[in-house]
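Here's a quick tour for anyone meeting this structure for the first time. Have a look at the model, then read on.

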Amino acid sequence: MRLFLFDIDGTLVTARGAGRLAIGHALATTYGATGPLEAYDFRGKTDQRIVWDLMRGAGLDAARIAAGLAECFAAYVAELERLIGDGARVTILPGVGALVRALAARADAVVGLLTGNIEPGARVKLRPTGLWSLFRVGAFGSDEMDRRRLPAIACERAHRLTGRRFAFEEVTIIGDTPLDVDCARACGAVAVAVATGFHPADELKSCAPDLFFADFADVPAALAALTTAR
């Protein structure tokens, strides 16, 4: 049995910049500053890391940042809900729906999430897709600031769900950024990169993932590759 862990933004869906807009709104509302928001690279970062980096960049001290986190993320989720609205802004990326459903139907697979999104934000972004219920476990940016620590959390939750312990070599981590590949490499999981986000294919290939896809449009080929990679 394998544990398949998907990133969200740029891997499963695009929300057309709603996350960045919502974070900016929440930072301004909570801290009165957004820091170097326009220049900051969100790709692959956890939501906690984004807030800390931007507020450090705005000159706030650690105590002030920590004190405002709960309020900031509440404001973020509320604004994200408003921006996502009826879901028209969210687009499922090519082949993703069929691929996730095919994996979730297998007896030898557990499908989950490994994402920098805080859990409530992940729910908002995936709600319009109808896929949320297929992800049986998850590790989120609300669990840890450091993405490298999320695989262990996902494995523990999968153990509680199934009664089976997953070694890291039985885990496949799927994402669209070099930080997703790094996360897999750091724990010994299979690293899968897909070029449906904002990193060029050549940049992702230079990270030497175990599997690379331009996208998941060819669902049978993607499914075969994912389920045979070790």
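Predicted model: local features only at pLDDT ≥ 70, side-chain atom pairs only at ≥ 80, totals over all residues.

Residues are numbered from 1 along each chain as its sequence is written, and side-chain values use heavy atoms, with hydrogens and water left out.

**Helices H1 and H2**
- Helix H1 (residues 18-31) packs on helix H2 (residues 47-57) at an angle of about 55 degrees, and their axes are 12 Å apart. (Helices are DSSP runs of H or I with at least four residues, strands are E runs of at least two, and both are numbered from the N terminus; axes are lines fitted to C-alpha atoms, for helices over the stretch in contact, with angles from 0 to 180 degrees between N-to-C directions.)
- That angle is why H1 counts as oblique to H2 (under 35 degrees is roughly parallel, over 145 roughly antiparallel, 65 to 115 roughly perpendicular, and the rest oblique).
- On the H1 side, Ile23, Leu27 and Tyr31 make the contact, and on the H2 side it's Ile50, Val51, Leu54 and Met55 (contact means heavy atoms within 4.5 Å).
- Sorted by class, this contact of H1 with H2 has 7 nonpolar, no polar and no charged residues (Ala, Val, Leu, Ile, Met, Phe, Trp, Tyr, Cys and Pro count as nonpolar, Asp, Glu, Lys and Arg as charged, and the others, Gly among them, as polar).

**Helices H3 and H5**
- Helix H3 (residues 62-84) and helix H5 (residues 119-126) have axes 10 Å apart and an angle of about 5 degrees, which means H3 is roughly parallel to H5.
- H3 brings Tyr76, Val77, Leu80, Glu81 and Ile84 to the contact, while H5 brings Pro120, Gly121, Val124 and Lys125.
- The H3 contact with H5 splits into 6 nonpolar, 1 polar and 2 charged residues.

**Helices H4 and H9**
- Helix H4 (residues 96-104) packs on helix H9 (residues 219-228) at about 45 degrees, with axes 10 Å apart, so H4 is oblique to H9.
- Ala98, Leu99, Ala102 and Leu103 of H4 meet Val219, Ala222, Leu223, Leu226 and Thr227 of H9.
- Here the H4 and H9 residues in contact are 8 nonpolar, 1 polar and no charged.

**The largest pocket**
- H1 gives the largest share of the lining of the largest pocket, with 4 residues.
- By class, the lining of the largest pocket has 8 nonpolar, 11 polar and 11 charged residues.
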